[in-house]
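Colleague: I have this model open and would like to learn how to read it feature by feature. Could you walk me through it?

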Amino acid sequence: MSYININNLTKDYGKGRGNFDVNLTIEKGEVFGFAGINGAGKTTLIRQLMGFLKPSSGYATINHLNCWEHSAEIKKLIGYIPGEIAFPDAPTGTEFLRRQAELVGLTDMSYAEALIKKLQLDPTANLKRMSKGMKQKTAIVAAMMHDPNILIFDEPTTGLDPLMRVAFIDIMKDEIKKGKTIFMSSHMWDEMEAVCNRVALIKDGKIVAVQSVKEVKHNKNKVYHICFRSEVDYERFQAESLVFGEKFNDELKLAIHIKDKDVRDLFKIMKNYDVKSFVEFKLSLEENFKKMYD
Amino acid sequence: MFSGAIFKQTMKANWKLRAIFTVIPMIIFVAITAVFDMETIYTMADVLEGTPMASMMKEQSFLGVVGSMFFGMQGLILLMIYVIITANSLVASQVDRGSMAYLLSTPTKRSTIIRTQALYLITAILATFVILATAGTVAINVFQGDAGVSIAEFLILNSGAFLLMFAIAGVSFFFSAVFNLSKHSITFGAGLPLAFFILDIMADMEGFESLRHGTLITLFDIPAILDGGNNVWWQLSLLAIIGCTLFVAGGKIFVKKDLPL
């Protein structure tokens, strides 16, 4: 059985909200991303993994332990960043982190210190008066300071400025090197592309697709944009037996869909034309999923 | 079973409120004790000579007057407010705000959390009454040393008031544990105890006596306690049983319910 196992998981809130028959398996060391618009059911799934919600049917396990029945047990493995940050009553960030450390039985705060440094956080600030970004950083430190094996993050970069997002992604990459398993929801495609092995798309509570980031990045089906110098060539080219995509008549540019192995043939054809530019149009995760949402 | 760490944190988060709601009733009680003069009561009885009130007045003792004033009104309402606020803040408010996520993302069982919070509430109420009873005993000795006040009866009154608060805490804590939203927890957890209080006051009025059956406060029968009435013990036991049942039931529901964290 996989490290994280989600089996026919359903949480029905009525009116089509919740999760419906979700099946996912995540291996140890895998970084799994979870995308979807607001209200698609991302947080509901994460709350079921954390044992906060009882599934209507189906089950989820982490390290062979049922997430609902053994929710306290599995927390020994998990570091969690909730989607909404609301800290308990504590005067300062430092005091809050110290109390959290006590609850997880952590005495060595050196890793917490390192994280604080990397995120440029001043934890001595008043917890209630912290900015959204500072709160988010504090939450990140609280989730990771005890060096848990599994990181469950619900939109971890909300509130962070672009520089801090980069810092956070760097921290995640370090964790990935250490072999951590990460399950994160996000709507930032670029950060998921940067860290995830696989990304699932959830829509109306159902998983509509699971994609390997590698496959998307190294898709065997390529799209090229070819731009011609003359209208004559542009028109003539369209008679070739190729698969054409979008056409930009004003720019004398068109898109070609072609498999990697056929690119040589394309080059042979292009020899007969006056080509101004030839650019591979990189498919991102975002565009790949956008197609599915439509 | 219980979490020492959570208990400590709860104590730190709540000590100000607890201090305020211990000191104020204490001052009120000491002040009443200091200014109370049995002679005033007798004078009033003389004035009312010939009316049925007079015999009632003459039978009054220090505890009869102060007891029903403090434990029936000012002290009762103050402690009730304290219990209501604290019960809500211990569970429902933390779930509503989402801060409970930080307790539950650690390897702490829900049952441990809820037991610890219940223990805190009960301990806090008990501590308040221990302080009140101690300060009260001292005040009685200082100001009413020659009035022949029975300290034993005073302590029984305190114990009874504690059991009443315990039952009311059970009501507030139950709703705090059951509801995920503060507004719902407060509607019932504060609404019900306040309704008890209002019914208790109304039941003193002629024609409304039957309202007595609708409020828990009836079970803390101050005159009966001072008279050594036969019903006192089962009434007080009933308060204890109601409190225990509600604390346990709230905990059982909290452990099984969905938490939006």
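**Reading the model together**

Modeller: Gladly. Let us begin with a helix pair: helix 4 (residues 62–90) of chain B packs against helix 7 (residues 110–143) of chain B at an angle of about 160 degrees, and their axes are 10 Å apart. Keep in mind throughout that this is a predicted model.

Colleague: Is helix 4 of chain B roughly parallel or roughly antiparallel to helix 7 of chain B?

Modeller: Angles over 145 degrees count as roughly antiparallel, so at about 160 degrees helix 4 of chain B is roughly antiparallel to helix 7 of chain B. The crossing of helix 4 and helix 7 of chain B is right-handed.

Colleague: Which residues in helix 4 of chain B meet helix 7 of chain B?

Modeller: Helix 4 of chain B brings B:Leu79, B:Val83, B:Thr86, B:Ala87 and B:Leu90. Facing them in helix 7 of chain B are B:Gln117, B:Tyr120, B:Leu121, B:Ala124, B:Ile125 and B:Thr128. By class, this contact has 8 nonpolar and 3 polar residues, with no charged ones.

Colleague: Let us turn to chain A. How many helices and strands does chain A have?

Modeller: Chain A has 11 helices and 14 strands. Its C-alpha trace spans about 75 × 45 × 35 Å along the principal axes. Of the 294 residues in chain A, 38% are buried. For contacts in chain A between residues at least 6 apart in sequence, 68% join residues at least 24 apart.

Colleague: How should I read a sheet, and in what order do the strands of the open sheet in chain A come?

Modeller: Strands of a sheet pair through backbone hydrogen bonds, and the pairing can be parallel or antiparallel. Here 6 strands of chain A form an open sheet in the order 6-7-8-3-9-10, with mixed pairing. Strand 6 (78–81) and strand 10 of chain A stand at the edges; each has a single partner strand, so one side of each is left without a neighbour in the sheet. From one strand to the next, the twist averages 15 degrees.

Colleague: Do strand 6 and strand 7 of chain A run parallel or antiparallel, and what joins them?

Modeller: They run parallel, and 4 bridges join strand 6 of chain A to strand 7 (residues 150–154) of chain A. One bridge to look up pairs A:Ile81 with A:Phe153 in strand 7 of chain A. Helix 1 (residues 42–49) of chain A packs on the sheet, touching strand 3 (31–35), strand 7, strand 8 (181–185) and strand 9 of chain A. The direction of helix 1 of chain A makes about 150 degrees with that of strand 7 of chain A.

Colleague: What about an antiparallel case, such as strand 12 and strand 13 of chain A?

Modeller: Strand 12 of chain A and strand 13 (residues 253–259) of chain A run antiparallel and are joined by 4 bridges. A:Val243 stands opposite A:His257 in strand 13 of chain A. The two strands form a hairpin with 4 residues between them, and A:Leu252 in the turn has a positive phi of about 55 degrees. Strand 12 (residues 243–248) of chain A is hardly covered: the count of buried residues among its 6 residues is 0.

Colleague: Are A:Lys15 and A:Asp204 exposed or partly exposed?

Modeller: A:Lys15 counts as exposed because 6 C-beta neighbours lie inside 10 Å. A:Asp204 has 15 such neighbours and therefore counts as partly exposed.

Technical notes:
Residues are numbered from 1 along each chain as its sequence is written. Chains are lettered from A and ligands numbered from 1 in the order in which they are written. This is a predicted model: local features need pLDDT of at least 70, side-chain atom pairs count only at pLDDT 80 or more; totals for chains, interfaces and linings use all residues. Axes are lines fitted to C-alpha atoms, for helices over the stretch in contact, and angles run from 0 to 180 degrees between N-to-C directions. Angles under 35 degrees count as roughly parallel, over 145 as roughly antiparallel, 65 to 115 as roughly perpendicular and the rest as oblique. A crossing is left-handed if the near helix is turned anticlockwise from the far one by less than a right angle, and right-handed if clockwise. Two residues are in contact if their C-beta atoms, placed from the backbone, lie within 7 Å. Ala, Val, Leu, Ile, Met, Phe, Trp, Tyr, Cys and Pro count as nonpolar, Asp, Glu, Lys and Arg as charged, and the others, Gly among them, as polar. A residue is buried if 20 or more other C-beta atoms lie within 10 Å of its own, exposed if 12 or fewer, and partly exposed in between; C-beta atoms are placed from the backbone. Two strands pair if DSSP finds at least two bridges between them.
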